[in-house]
Amino acid sequence: VPIGARSDFATDVNFPMEVGIAYGIRLTDEISVGVDFEWIQFSSFDTLPLGSSAPPPGLPAGVDYKFKNTFTLGIGGEWRFKRGWIARASYHFFESPVSDKYFRPSIPDANQHVITCGLGYETDHHSFDFGYGIDFYEERNISNNVNPQFNGNYDTMVHLFALNYRYRF
């Protein structure tokens with residue numbers, strides 16, 4: 001295919017089925033807690049087909065992902081500590097669907113432990129919320145990848161910030 005040539009491209013993505021259950025309870029007028037569990041059928045995302053009408057030499061027919069089924073588990077709560085004020089916190093565990101063999105540094109996925117906290121203020125019509133989360137990925141030591149260039153140690157941490165405003169009519 002000449003440089004700058006155009007080629008049509010198409011692919012199909014099978015998104016995973018998810019089954020979840022959650023339960024929340026208000027312990028007092030001020031304190032609520034909740035738990036949730038989710039099973040995700042990531043194995044449905046086995047290969048990403050690369051359908052090109054004029055593929056360049058060496059382009060594979062698809063990219064293997066070979067994801068495995070996983071689960072998530074979380075617990076969280078909120079405390080209405082003063083009129084209009086709400087403090088929130090949670091912990092979530094996310095199991096990684098990515099095996100060492102098909103790991104890619106473009107998405108350095110690993111089992112995750114996510115801790116969040118937040119503070120909100122609400123009136124009859126307005127609410128303001130600020131949240132912070134820290135996502136600790138378990139360290140990955142890859143040594144048997146289908147692409148030996150991806151072998152190595154991966155250590156990832158993500159900081160999450162959210163600021164929200166809402167107006168209720």
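**Pocket, strands and core in a predicted model**

The lining of the largest pocket consists of three nonpolar, two polar and five charged residues. In this count Ala, Val, Leu, Ile, Met, Phe, Trp, Tyr, Cys and Pro are nonpolar, Asp, Glu, Lys and Arg are charged, and the others, Gly among them, are polar. The structure is a predicted model, in which local features need pLDDT of at least 70 and side-chain atom pairs count only at pLDDT 80 or more, while totals for chains, interfaces and linings use all residues. Residues are numbered from 1 along each chain as its sequence is written, and side-chain values use heavy atoms, with hydrogens and water left out.

The lining residues of the largest pocket are Arg80, Lys82, Arg83, Gly84, Trp85, Ile86, Tyr121, Glu122, Thr123 and Asp124. Two or more of them come from each of β7 (70-82), β8 and β9. Strands here are DSSP runs of E with at least two residues, numbered from the N terminus, and helices are runs of H or I with at least four. The volume of the largest pocket is about 180 Å³. Pockets and cavities are found on a 1 Å grid over the protein atoms alone: a cavity is a set of points where a 1.4 Å probe fits but cannot get out, a pocket is an open set with protein on both sides within 12 Å along at least five of seven lines, and lining residues have an atom within 4 Å of a point. Grid points are joined across faces, edges and corners, and a volume is the space filled by probe spheres set on the points.

Strand β8 (residues 85-94) runs antiparallel to strand β9 (residues 112-122), with 10 bridges between them; two strands count as paired if DSSP finds at least two bridges. In this pair, histidine 92 faces valine 114 of β9. On to β10: its pairing with β9 is also antiparallel, over 11 bridges, and the two form a hairpin with three residues between them. Glycine 120 is opposite aspartate 129 in β10.

Serine 127 belongs to strand β10 (residues 126-137). Its relative accessible area is 2%, so serine 127 is buried (buried is under 20%, exposed over 50% and partly exposed in between, with a 1.4 Å probe and protein chains only). Beyond its neighbours within four places in sequence, serine 127 contacts Tyr121, Glu122, Asn164, Tyr165, Arg166 and Arg168, contact meaning heavy atoms within 4.5 Å.

The largest nonpolar core has 10 residues: Phe45, Leu48, Leu50, Val63, Tyr65, Phe67, Val98, Phe103, Ile142 and Tyr154. Such a core is a set of buried Ala, Val, Leu, Ile, Met, Phe, Trp, Tyr and Cys residues joined through side-chain atoms within 4.5 Å. Tyrosine 65 lies in the loop between β6 (62-64) and β7, and is buried at a relative accessible area of 16%. With residues up to four places away in sequence left out, tyrosine 65 touches Phe45, Asp46, Thr47, Leu48, Tyr102 and Arg104. Lysine 66 occupies the loop between β6 and β7, and is partly exposed at 31% relative accessibility. Although not a glycine, lysine 66 has a positive phi of about 50 degrees. Most residues other than glycine have a negative phi.

One cavity of 30 Å³ or more is present. The largest cavity holds about 30 Å³ of space, and its lining includes Pro108, Tyr137 and Tyr154.
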